[in-house]
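Please look over the sequence and the model shown here before reading on. The report that follows takes up a few parts of the fold in turn.

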Amino acid sequence: DAVAAQAVEDGGLSEAVLDVAASRVTQMILASKENAAPCPADFAAHHALARRAAGEGAVLLKNDAGLLPLAEAGTVALIGGFAEKPRFQGAGSSQVNASQLDTPRASLEARLGADKVIYAQGFDVDLAADDAGLIAEAVAAAEKADRVVLMVGLPALFEAEGFDRDHLRQPPQLDALVEAVAAANANTVVVLSNGAPIEMPWVGQVSAILELYLAGQAGAGAMVDLLFGTLNPSGKLAETFPLRLADSPSQENFASHPRQLIYREGLNIGYRHFVTHQVPVLFAFGHGLSYTSFSYHDAAVTSAWDGTSMRVSVTVRNDGAMAGAEVVQLYIRDVQSTAYRPDRELKGFQKAFLQAGESTTLEFELDSRAFAFFDVALDDWDIEAGDFDILFAASSVDVRQSLRVNLAEDSGRNSNRQSEADYVLMDDGALARLGLQVSVPGAIKPYHANTTLSDIADHWLGKRLVAGVFKAVGATLGERSADDSPVLVKMREKMVLSMRLSTVRNMSGGALTPKRFEMLIHLLNNRWGAFLARLLGR
């Protein structure tokens, strides 16, 4: 490219080195042509597998009064723009071309008949702008139907690569839609399509909540399977849904400086924080309901600790009238630790598929790492003698059976362990004891080569430079049009504004010579004397 060509002309890059690099790229292109023929694929089988994966990955968060599974008699109001344009994958470079895409509306109408489904859009899937008219139409549909399936979550514009969410809320239109529809029809099932947790101020107003996440090309079929009981939900949350963003440990412990983030949580990440410090949550890590019920019995040590491992077991029984699956989670608690450890740590899980009335015994092997913690003084994993609780649980807060075992032999490698309070919060003192020093964050000014375009966007000269970069990017990627996805537009803007000045220099094709770049930096910092001196060659 222009940068490489300029480097060769300036003598900074050997032409021989450039030839070697170019030959490697050429060889790769030629080799790829040999594999250009499409591989045979059974797309129907793949679609069926995608439907199964979506069904087993969905999590039933709430099901008051057994509203689910739905009966097939009567009418259903299907509300939400995702019913016709499903949010089935991530935005940006994660996007793929689906071989087939099922929509919730078509799938539900195929199951019940089009005359049994009353559709209302409820919100625009791209912008989710406030629209009282769409909410009114949704309420009217809900009032006419026996039950409501309300599809909300996060439109792609609100979670995609290239930018972070600064809150856990849905767009206001969607929260208002849920509240209005739930008030109009008590038999409302909320189906969520989102890639990460959201706050749910309306959680107490709806009867059932099914978390689909981003369910892939066959997610609509899986949703219908789950809603009507063809498939019994068995997914469990792999993350905590907090009541509010401020409850998350990262929000309390991150520094607020725009140039510095310090990870002060220590071991208090995810469920470990919420459980250890008894922080109320919306839905706990490992939570997930079923259309049947499971009981746990007869926890036992089946092979005692021999210094390297042990085996434990628990019996699980399906006490309901429907076949289903339970994910049994095993947590360890160090009862007498002198070093700081979370209240419980997940060490294993198993999924058991059981017919109604059937039971099975699950066995877990626990090696030394299951009981160990990382001792910073030893710079190694270590086990401290004492009592340990082994917890068999349906979620991180739903312990069904427990065992207490004693590991009597201490390694004896460290008799001067840190006190329990040291690593609850990684303040500067705790970090210093680990040999880590918190550096003083750099100021935004004076501007320099690593300054981003967002930092100079309000500067009199920076505005012009940013506009020029946007124009250059538009020339390369194509100018924006009314048909552009709002997500792609936002991602492009974030990408440009995150560029460093050094990146702009490298992309300029030699236009920003070292002298001109130095003059630019002087002007951004209002160093007029230095600018004139460099301009005149001094």
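## A pair of packed helices

In this predicted model, helix α15 (residues 514-524) packs against helix α16 (residues 528-535) at an angle of about 165°, and their axes lie 8 Å apart. Axes here are lines fitted to C-alpha atoms over the stretch in contact, with angles from 0 to 180 degrees between N-to-C directions. The two helices, α15 and α16, are therefore roughly antiparallel, a term for angles over 145 degrees.

Lys515, Glu518, Met519, His522 and Leu523 of α15 meet Trp528, Ala530, Phe531, Arg534 and Leu535 of α16, where contact means heavy atoms within 4.5 Å. The residues of this contact divide into six nonpolar, one polar and three charged.

## An open sheet

Four strands form an open sheet in the order β12-β11-β16-β17, with antiparallel pairing. Because β12 (345-354) and β17 (398-407) stand at the edges with a single partner strand each, one side of each has no neighbour in the sheet.

Strand β16 (residues 386-395) pairs with β17 in the antiparallel sense over nine bridges, pairing being counted when DSSP finds at least two bridges between strands. Ala393 stands opposite Val399 in β17.

## The setting of Glu161

Glu161 is found in the loop between β4 (147-153) and α6 (172-184). Helices (H or I, at least four residues) and strands (E, at least two) are DSSP runs numbered from the N terminus. With a relative accessible area of 34%, Glu161 is partly exposed, that is, between the limits for buried (under 20%) and exposed (over 50%), using a 1.4 Å probe and protein chains only.

## Basis of the values

Residues are numbered from 1 along each chain as its sequence is written, and side-chain values use heavy atoms, leaving out hydrogens and water. Local features need pLDDT of at least 70 and side-chain atom pairs count only at pLDDT 80 or more, whereas totals for chains, interfaces and linings use all residues.

How values were computed:
Parallel < 35°, antiparallel > 145°, perpendicular 65-115°, else oblique. Nonpolar A, V, L, I, M, F, W, Y, C, P; charged D, E, K, R; others polar.
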